[in-house]
Amino acid sequence: MGHGIAQEFALAGYSVTLYDISEQVLHQAVQRIQSNLALLSVHGLLSQEQIAQALPRIQTHTDLKGAVHSADLVIEAVSEDLPLKQRLFGEMDSLCPAHTILASNTSTFMPSLLAQATQRPDRVIITHYFNPPYLLPLVEIVCCPQTSEETKQTVLTLLKGIGKHPVEVRKEKSGFIGNRLQAAIAREAFAIVQEGIATPQEVDEVVKNGFGRRLAVAGPFEIGESAGWDLWATIAEQLLPTLSNSTQVPELMTQQVLKGELGIKTGQGFYYWGQEEVHSFRKRMMLGLLEMSRWDDQGVLPKADTNDID
């Protein structure tokens, strides 16, 4: 995630420093950025001139002090380990200028848990990107009670300025917005399979070829209002009592973990993941997201086609 975030700021004209404890990891990060930029160029989303200007703006550093000593904004993207993040925020707090905003890409932890590790809770904020960050425009913005209005507005303005779609999460809540919605879908998907209603493959086909396509261009409230809340209320009255409301990890998911059938990382899950299958899946995902990158700011139509339909 870190290199993808750095890539976007560099393309927008900002000087960026990538920090890691390993030169090898930093080298790989730069290589991935170069690969990403080349892919965007091949698909007509970037010019060679833009790439040539962006790459020199990215520096790397294995010394935290050297990386952050003059930073205006730091976005932390280490693993989801709270003690590690708190330790890093404490170190950055002592090394950064007083005006520096300390942000985190966490998808799990509340900003107040990170703010308490610093002497500047008013300048701590969550900027939660979705992967890959250079193809998905959303960034969830989460403030803690101490986050200042100035900090929030500065980050919102900055993200809008580089072409992102920031959304403010109005209270601290685990999972924010996106992951809460994803978790709800996953819980019901596992319940459908456990009850024998459908196989995992059939569930995926329904999502990919049905309502999932609508969700790419309209949100649940827009879709609901297109049908009418009276109809949705009738459906909800009949359907909601039958949906899963379990607060436990689905038994079927636990079984997969115990069997070591974790998906791509082990080569087997509900699907078989050989090298060819992994390549095909990733290519399909990437090409789909690249095509969506051509859409207009409302995510409704490809830019080239907006004048063809009334």
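The model is predicted: local features need pLDDT of at least 70, side-chain atom pairs count only at pLDDT 80 or more, and totals for chains, interfaces and linings use all residues. Residues are numbered from 1 along each chain as its sequence is written, and side-chain values use heavy atoms, with hydrogens and water left out. Helices (H or I, at least four residues) and strands (E, at least two) are DSSP runs, numbered from the N terminus.

**Helix α7**

Helix α7 covers residues 149-161, 13 residues in all. From first C-alpha to last, α7 reaches 18 Å, close to the 18 Å expected at 1.5 Å a residue. That expected span is 1.5 Å times one less than the number of residues.

Which residues of α7 are buried? They are Thr 151, Lys 152, Val 155, Leu 156, Leu 158 and Leu 159. Seen down the axis of α7, these buried residues fall within an arc of 165°, so they line one face of the helix. The arc is taken from the directions from the helix axis to the C-beta atoms. An α-helix has 3.6 residues a turn, so residues three or four places apart point the same way.

On the other side of α7, Glu 150, Thr 157, Lys 160 and Gly 161 are exposed. Buried means under 20% relative accessible area, exposed over 50%, and partly exposed in between (1.4 Å probe, protein chains only). The cover over the buried residues of α7 includes α1 (2-11) and the strands β3 (73-76) and β4 (101-104). Gly 163 follows α7, with a positive phi near 95°.

**Helices α8 and α13**

Helix α8 (residues 178-194) packs against helix α13 (residues 251-259) at about 85°, with axes 8 Å apart. Axes are lines fitted to C-alpha atoms, for helices over the stretch in contact, and angles run from 0 to 180 degrees between N-to-C directions. The two helices are therefore roughly perpendicular, a term for angles of 65 to 115 degrees. Phe 190, Val 193 and Gln 194 in α8 meet Glu 251, Leu 252 and Met 253 in α13.

**Two residues**

Contact means heavy atoms within 4.5 Å. The contacts below do not count residues up to four places away in sequence.

Asp 20 and Ala 54 are 34 residues apart in sequence and 20 Å apart in space, C-alpha to C-alpha.

Conventions
Angles under 35 degrees count as roughly parallel, over 145 as roughly antiparallel, 65 to 115 as roughly perpendicular and the rest as oblique.
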